[in-house]
Amino acid sequence: MSNSQERLNTPELIEQVISSGLFSFDDETHFNWQGCEHCADGLGAEVYDLHGYRSLEDRELYEFQVCGDCINNQCYGGN
Ligand SMILES: [Zn+2]
């Protein structure tokens, strides 16, 4: 069993989870005073509860609060 803790920071983990495609998120946003865990500008924001896995090999379920902009940018490549 390899347990390679790569110590990624939260935005990197979010990007990996979204790019893996192994994630889902709630239909509705809710307000979170901590804001989005990806863009993290320190302001409250409307965020989705997003949960998923980094890869098929990774059994650990991650949960994040991520705003719609970040989800869209990660899903569709942004620009
Ligand atoms: Zn965001």
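Let's start in the sheet: Gly52 has Tyr62 of strand S4 as its bridge partner. Two strands pair if DSSP finds at least two bridges between them.

Before going on, a word on the model. It is predicted; local features need pLDDT of at least 70, side-chain atom pairs count only at pLDDT 80 or more, and totals for chains, interfaces and linings use all residues. Residues are numbered from 1 along each chain as its sequence is written.

Now the overall layout. The protein chain has 2 helices and 4 strands. Starting at the N terminus, the order is α-β-β-β-β-α.

Back to the strands. S3, residues 45-52, and S4, residues 62-66, run antiparallel and are joined by 5 bridges. S3 also pairs with S1, residues 23-25, in the antiparallel sense, over 3 bridges. There, Phe23 has Gly52 of S3 as its bridge partner. S2, residues 30-32, pairs with S3 too, antiparallel, over 3 bridges. In that pairing, Phe31 stands opposite Glu46. Keep one rule in mind as you look: in a regular strand the side chains alternate between the two faces of the sheet.

Next, the inside. A residue is buried if 20 or more other C-beta atoms lie within 10 Å of its own, exposed if 12 or fewer, and partly exposed in between, with C-beta atoms placed from the backbone. Buried residues make up 25% of the 79 residues in the protein chain.

Which residues have the most contacts inside the largest nonpolar core? They are Cys36, Val47, Leu50, Val66, Cys67 and Ile71, in a core of 14 residues. A nonpolar core is a set of buried Ala, Val, Leu, Ile, Met, Phe, Trp, Tyr and Cys residues joined through C-beta atoms within 7 Å. Helix H1 (10-20), S3, S4 and helix H2 (68-76) each supply at least two residues of this core. S3 gives the most, with 4 residues. There is a general pattern behind this kind of grouping: in soluble globular proteins, nonpolar side chains tend to be buried together.

Let's visit some residues. Val66 sits in strand S4. Why does Val66 count as buried? Because 28 other C-beta atoms lie within 10 Å. Contact means that two C-beta atoms, placed from the backbone, lie within 7 Å. Leaving out residues up to four places away in sequence, Val66 touches Ile14, Cys36, Glu37, His38, Val47, Tyr48, Leu50 and Ile71. Val66 and Thr29 are 37 residues apart in sequence, yet their C-alpha atoms are 9.2 Å apart.

Leu50 is in strand S3. Leu50 has 23 C-beta neighbours inside 10 Å, so Leu50 is buried. Beyond four places in sequence, its contacts are Phe23, Phe25, Phe64, Val66 and Ile71.

Over to helix H2, where we find Cys70. Cys70 is buried, because 24 other C-beta atoms lie within 10 Å. Not counting residues up to four places away, Cys70 touches Cys36, His38 and Cys39. Cys70 and Ile18 are 52 residues apart in sequence and 9.8 Å apart in space, C-alpha to C-alpha.

Ile18 takes us to H1. Its buried residues are Ile14, Gln16, Val17 and Ile18. What covers them? The cover includes S1, S3, S4 and H2. After H1 comes Gly21, with a positive phi near 80 degrees.

How do the two helices meet? H1 and H2 pack at an angle of about 55 degrees, with their axes 9 Å apart. Axes are lines fitted to C-alpha atoms, for helices over the stretch in contact, and angles run from 0 to 180 degrees between N-to-C directions. H1 and H2 are therefore oblique to each other. Under 35 degrees would count as roughly parallel, over 145 as roughly antiparallel, 65 to 115 as roughly perpendicular, and the rest as oblique. The contact uses Glu15, Ile18 and Ser19 of H1, and Ile71, Gln74 and Cys75 of H2.

One last number, for the whole chain. Take contacts between residues at least 6 apart in sequence: 53% of them join residues at least 24 apart.
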